[in-house]
Amino acid sequence: GVARNISVHSLDDYDIDSFCLQPGQSEIDIENDVPLGTLTGDMVLLQDGVISRTGPGFTYMNVYTGNVIAENGNAIEHIITNGHYQGGSTAKGRSQTLTVSCSDGLCDIILGDVLFPDCFVLNG
């Protein structure tokens, strides 16, 4: 799934367009492929380096070694930062990756799920 140009102030309320690879396709073309549907993004920071997508209840840990604390004037502000997060849901037995890339106040988010059930229904 992909979400583009999400304000850093809206990471707790956004949607992700979901895509499925078609037979013979090796990558998604987000400019031309039609999204399968929309997923709830809605991320919250649980603690440094750990985020949750509140819609599905998936929890992710940042495996990127960058800093997840940013200075805001004299105060330290905990924020969701650029990173490669791995996680999922133990209740659903699913594993996902979430890549967050922010610049100039806007973020692109890529959600990867090797076993996305809706794609199996479409492609058999």
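One salt bridge is present in the structure, which is a predicted model. The side chains of Glu31 and Arg4 form this contact, with an N to O distance of 2.6 Å, and the pair links distant parts of the chain, the two residues being 27 residues apart. The points below take up the salt bridge, the nonpolar core and the aromatic rings in turn.

**Salt bridge**
- Glu31 belongs to the loop between strand E2 (15-18) and strand E3 (37-40), whereas Arg4 is part of strand E1 (residues 2-7).
- Glu31 has a relative accessible area of 56% and is therefore classed as exposed, the cut-off for that class being over 50%.
- Arg4, with a relative accessibility of 45%, counts as partly exposed.

**Nonpolar core**
- The largest nonpolar core comprises 17 residues, and within this core Met43, Leu98 and Ile109 are the residues with the most contacts.
- At least two residues of this core come from each of the strands E1, E6 (58-62), E10 (94-103) and E11 (106-112).
- When residues up to four places away in sequence are not counted, Leu98 touches Met43, Ile51, Arg53, Tyr60, Gly83, His84, Tyr85, Ile109, Ile110 and Leu111, and this list includes Met43 and Ile109, which are named with Leu98 for their contacts inside the core.

**Aromatic rings**
- The count of aromatic pairs comes to zero under the rule applied, in which ring centres must lie within 6.5 Å.
- Arg53, one of the residues that Leu98 touches, lies over the face of Phe58, at a distance of 5.9 Å from the ring centre.

Note on methods:
Residues numbered from 1 in each chain as written. Predicted model: local features only at pLDDT ≥ 70, side-chain atom pairs only at ≥ 80, totals over all residues. Heavy atoms only, no water. Salt bridge = Lys/Arg side-chain N within 4 Å of Asp/Glu carboxyl O. Helix = DSSP H or I, 4+ residues; strand = E, 2+ residues; numbered from the N terminus. Buried < 20%, exposed > 50% of the residue type's maximum accessible area, 1.4 Å probe, protein only. Core = buried A, V, L, I, M, F, W, Y, C linked by side-chain atoms within 4.5 Å. Contact = heavy atoms within 4.5 Å. Phe/Tyr/Trp six-rings, centres within 6.5 Å; stacked < 30°, edge-to-face > 60°. Lys NZ or Arg CZ within 6 Å of the ring centre and 35° of its normal.
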